[in-house]
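Please read them with the structure open.

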Amino acid sequence: MSTTVFFDIGATLGSLRISPSPFPLKGIDVYPFVKDLLMELKPEAKLGIITHTGNETSDSMQRILTEAGLYDFFVPELLIYSSVVGMGKNSSAIFELSAQMAGNAARPQECIFVGEDSRERQFARQAGMRVCPHPLLVKEVLRGTALRFVRLRAPTELSGGQWRAILRELAIVPLQVSGKEGTTIHAIVGMTALPALANAQFHVELLGEADDPLTMDLYLLRDDLAVQSGPLSLSGQSARLLADSQNAGMLLSTSDEGLLVRLPANRSLEEFHFEYAAHGHTLKLIASPDLLEPFGHRIGERSAGWLATEAVERPLSDSEKTELAKITPENILKYLERYSGKKPLGDSPGTPIRSRHIHNTDNARVTDMLANDLRSMGGSAFSVSLHAFTHEGRTLHNVQAELAG
């Protein structure tokens, strides 16, 4: 019986483009590596999809996948959409149904679910499936190869171009790059890559246990209290994480950046939020092959092109001065008070928000209203869309507004 590989779509095969409420799917920006990978996998396994689809129909999803150039890679009967089957990825039921549709109800281990969300992978494992955290590692899982979290340090004898070229050829997906010129890399690797890394004289530090990446996420917790108290002080908040013996195995490493912890799918990051941590100082390490691009490579190219063509010094026109004069403290405060909860938000409930936190229902109100405000500000010149992502089992949205040109 052949293996079936099921993929999630959003943040796994590409970025979803969603128009504001009621969130119809506009399209998929497919990641560059995806089509070549699917082409390689198609002779080895049946390919399917298990994904959340809001209110989409089978016909609308076929159109979207076709426009993205993905539809023909998959077996039509194995396209499992939550809106069609009436199940979400918040239990094992949709994965059990998918194994049945693949003809593997009695042998669900012949199915692999590939998705970036550890909670969804946990439900797939409960259904008996194997799982994979990133498409570029699915061949390792097909072969039964274990995956590991690692910290790599590039060999000083090689140039950045040389050691990055080596990593791109191996079963490695980076999670974070840091240090001078990005020479320290946290990554997920297939165990088959370790001999090649050793031969190329990378320093390899194994983190955690074999196959942790199947069920765990890595987080960097920055202890700002320890930074403020200085290197000679023993003050800090690490004790809060380590005081509970159940948490001791979660700490993988310490560095001048903070604490590197592995978090199981059934634990919430909110349990470990340091009291004195500044906003943005808790970092989830997310798999992305783009991290192997040299630092500033793409941004530098874009900036240079923009400077050469757009940055032409000239006086402001009267109409531009009129528009700029409208940016006053009073006008800014009108928005600030609505989004901070001092005034009603302006949507149908007619009440102020209590919180923008992801655990509060007002988060969705704020997302919808921000999209509406941006459309009102920009009119037809703005293309407003939502970028969907999942965190702790919740589907959340960033708001994007693009001024064409």
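1. Strand E12 (residues 216-221) and strand E14 run antiparallel and are joined by six bridges. Within this pairing, Leu 218 has Arg 262 of E14 as its bridge partner. Strands here are DSSP runs of at least two residues and helices (H or I) runs of at least four, numbered from the N terminus; two strands pair if DSSP finds at least two bridges between them.

2. The model is predicted: local features need pLDDT of at least 70, side-chain atom pairs count only at pLDDT 80 or more, and totals for chains, interfaces and linings use all residues. Residues are numbered from 1 along each chain as its sequence is written, and side-chain values use heavy atoms, with hydrogens and water left out.

3. E14 (residues 258-264) also pairs with strand E13 (residues 251-255), antiparallel and through four bridges. Ser 253 stands opposite Leu 260 of E14, and a hairpin of two residues connects E13 to E14. Is E14 mostly covered or mostly open? It is mostly covered, as seven of its seven residues are buried (under 20% relative accessible area; exposed is over 50%, partly exposed in between, with a 1.4 Å probe and protein chains only).

4. Four strands form an open sheet in the order E9-E10-E8-E11, with antiparallel pairing. Its edge strands, E9 (172-178) and E11 (203-207), each pair on one side only. From one strand to the next the twist averages 25°. Seven bridges hold E8 (residues 147-153) to E10 (residues 184-190); Leu 152 has Ile 185 in E10 as its bridge partner.

5. Leu 137 sits in the loop between strand E7 (130-132) and helix H6 (138-142). Its relative accessible area is 0%, so Leu 137 is buried. Beyond neighbours within four places in sequence, Leu 137 is in contact (heavy atoms within 4.5 Å) with residues including Leu 147, Val 173 and Ile 188. Leu 137 and Ile 188 are 51 residues apart in sequence, yet 8.6 Å apart in space, C-alpha to C-alpha.

6. Helix H14 (residues 329-339) packs with helix H15 (residues 362-378) at about 160°, the axes being 12 Å apart. Axes are lines fitted to C-alpha atoms, for helices over the stretch in contact, and angles run from 0 to 180 degrees between N-to-C directions. H14 and H15 are therefore roughly antiparallel (over 145 degrees). Tyr 335, Arg 338 and Tyr 339 of H14 meet Val 366, Met 369, Leu 370, Asp 373 and Met 377 of H15.

Methods
Parallel < 35°, antiparallel > 145°, perpendicular 65-115°, else oblique.
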